[in-house]
Amino acid sequence: NTIRCDVLVIGAGAAGLMCALTAGQRGRRVQVIDHANKVGKKILMSGGGRCNFTNTGTTAGNFLSANPHFCKSALARYTPADFIEMVERHRIAYHEKELGQLFCDISSKQIVRMLLDECDAAGVQIRTDCGVQDIERGSDGFRVQTAQGLFHCASVVIATGGLSIPSMGASGFGYEVARRFGHEVLPTRAGLVPLTLSGRHQERFAELSGVGLPIEARCNGQRFRNFMLLTHRGVSGPAILQISSFWQPGDDLRLDLLPDRDAEQWLREMKRERGAAELRTVLSEVIPRRLSLRLCEHWLADKPVRQLDEREIKATAALLADFPLVASGTEGYRTAEVTLGGVDTRKVSSSTMESQLVPGLHFIGEVLDVTGWLGGYNFQWAWASGAAAGNAV
Ligand code: FAD
């Protein structure tokens with residue numbers, strides 16, 4: 001049972017479906033296979049079920065990679081406007097939430113439906129429950145042995161994603177294929193992931209599970225101003241997910257708990273105008289009360305603000321504006337939105353995503369060492385790299 005085609009795409013996720021429909025539109029005979037029982041599972045669960053499908057402000061600066069220039073060419077040739085054009089053509093209603101992030105009004109299912117309709121119109125064949133047993137490259141192309149027969153094709157596109165959320169079908173398959181064909185795979189770790197706290201901080205904050213506030217998180221020269229949520233294991237929320245991609249165990253992580261004001265100035269103002277009030281009382285007016293009480297219990301002087309001398313004002317302000325949070329680790333791939341690291345892009349063409357070592361072999365999407373910030377950038381990379389390969393195979 002040999003199935004002949006021009007292009008075999010392995011992985012029916014965001015990047016794989018985009019590559020398939022693009023190649024199909026160019027008249028290529030395209031087959032897509034996925035080992036899961038359903039296509040696009042991560043698209044379905046993304047953005048809280050509404051898929052943050054792109055970010056209108058996408059630039060190369062929104063991505064982490066050992067080779068920061070690699071993503072530029074594909075991002076320039078398939079832009080957020082290109083994807084929005086397809087979304088509008090399929091009459092999918094969407095809105096901007098914040099900071100250029102576009103979400104479906106109704107459901108992420110509409111994005112999967114759109115990609116499947118485009119694949120269908122382009123003559124692409126898709127098979128689920130189809131795992132790969134072996135890939136070989138001969139003089140006349142690739143032979144890929146799968147659960148549903150032997151595929152014989154000129155091009156193979158690896159679109160199997162990263163390691164995040166193993167329960168959704170994530171596997172290290174793409175990395176194994178890359179290594180087998182002589183590619184280097186840069187160390188992988190969980191990104192856009194909640195952080196766990198260590199000993200004292202874990203104990204002191206654990207009871208505050210559910211408390212949330214706007215903060216600025218800072219680490220290794222990066223800063224993100226957004227919401228933080230305390231959980232029973234540690235900290236989460238967009239500001240923490242963003243900074244998690246820049247943090248590694250042992251790194252200094254700081255939180256500005258009063259991102260919208262100058263803490264020193266505010267304390268002097270309180271001393272002048274509300275001198276008799278306890279620090280915990282005035283602090284409870286600008287950050288959640290439970291957090292304020294906990295800070296005053298363990299870290300800050302708990303007394304009327306008029307009793308704070310200049311030295312104490314400076315120390316209190318420093319703690320509030322530059323709180324050193326001791327994280328012990330991340331929640332790992334179980335809850336991470338993305339995988340940092342992956343197939344080293346230095347041996348992959350940035351315009352076609354083709355391997356420079358093995359002609360006809362392409363890598364697209366998250367399996368590559370290109371990882372976006374939170375906010376629709378990861379899907380934009382999947383669409384752009386998928387389109388780049390789809391236009392080349
Ligand atoms: P995937 O979409 O993961 O697709 C890979 C496919 O390959 C899967 O279908 C998988 O079953 C298949 N596969 C894996 N191994 C094999 C194998 N051995 N054989 C055959 N098939 C295989 N990004 C955003 O931009 N916006 C968001 O709102 C957003 N929300 C997210 C929410 C969650 C909970 C998660 C986990 C991620 C979110 N992301 C979001 C990130 C985004 O989903 C990924 O970056 C994106 O899906 C990567 O696309 P991909 O095609 O490379 O991989």
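Helices (H or I, at least four residues) and strands (E, at least two) are DSSP runs, numbered from the N terminus. Residue numbers start from 1 along each chain as its sequence is written. Keep in mind that this is a predicted model, where local features need pLDDT of at least 70, side-chain atom pairs count only at pLDDT 80 or more, and totals for chains, interfaces and linings use all residues.

The protein chain has a mean pLDDT (the predictor's confidence in each residue, from 0 to 100) of 96, and 100% of its residues reach 70 or more. The scores are ipTM 0.99 and pTM 0.97. There are 13 helices and 21 strands in the protein chain, and its C-alpha atoms fill a box of roughly 85 × 40 × 35 Å along the principal axes. Of its 393 residues, 46% count as buried; that label needs 20 or more other C-beta atoms within 10 Å of the residue's own, while 12 or fewer makes it exposed and anything in between partly exposed, with C-beta atoms placed from the backbone. Contacts are pairs whose C-beta atoms, placed from the backbone, lie within 7 Å. Among contacts in the protein chain between residues at least 6 apart in sequence, 72% join residues at least 24 apart.

**Back to α1**

α1 runs over residues 14-25, so 12 residues, and spans 17 Å from its first C-alpha to its last, close to the expected 16 Å (1.5 Å times one less than the number of residues). It's mostly covered, with 11 of its 12 residues buried. Among the elements doing the covering are β1 (2-10), β2 (30-33), α5 (109-121) and α13 (377-390).

Let's look at α13. α1 packs against α13 at an angle of about 35 degrees, with the axes 7 Å apart; axes are lines fitted to C-alpha atoms, for helices over the stretch in contact, and angles run from 0 to 180 degrees between N-to-C directions. Residues of α1 including A15, G16, C19 and A23 meet a set in α13 that includes F379, W383 and A387. By type, the residues of this contact split into 11 nonpolar, five polar and no charged. Here Ala, Val, Leu, Ile, Met, Phe, Trp, Tyr, Cys and Pro count as nonpolar, Asp, Glu, Lys and Arg as charged, and the others, Gly among them, as polar.

| Residue | Other C-beta atoms within 10 Å |
|---|---|
| I243 | 29 |
| N226 | 20 |
| C51 | 27 |
| M353 | 32 |

I243 sits in helix α8 (residues 238-244). Skipping neighbours within four places in sequence, I243 contacts A217, C219, Q222, F224 and L253. N226 belongs to strand β14 (residues 222-230) and, with residues up to four places away left out, touches P214, G237, P238, A239 and Q242. N226 and G237 are 11 residues apart in sequence and 8.0 Å apart in space, C-alpha to C-alpha.

The other two are in loops. C51 lies between α2 and β3 (52-55), with phi near 50 degrees. M353 falls between β19 (338-343) and β20 (361-363), and its phi is about 65 degrees. Most residues other than glycine have a negative phi.

How values were computed
Contact = placed C-beta atoms within 7 Å.
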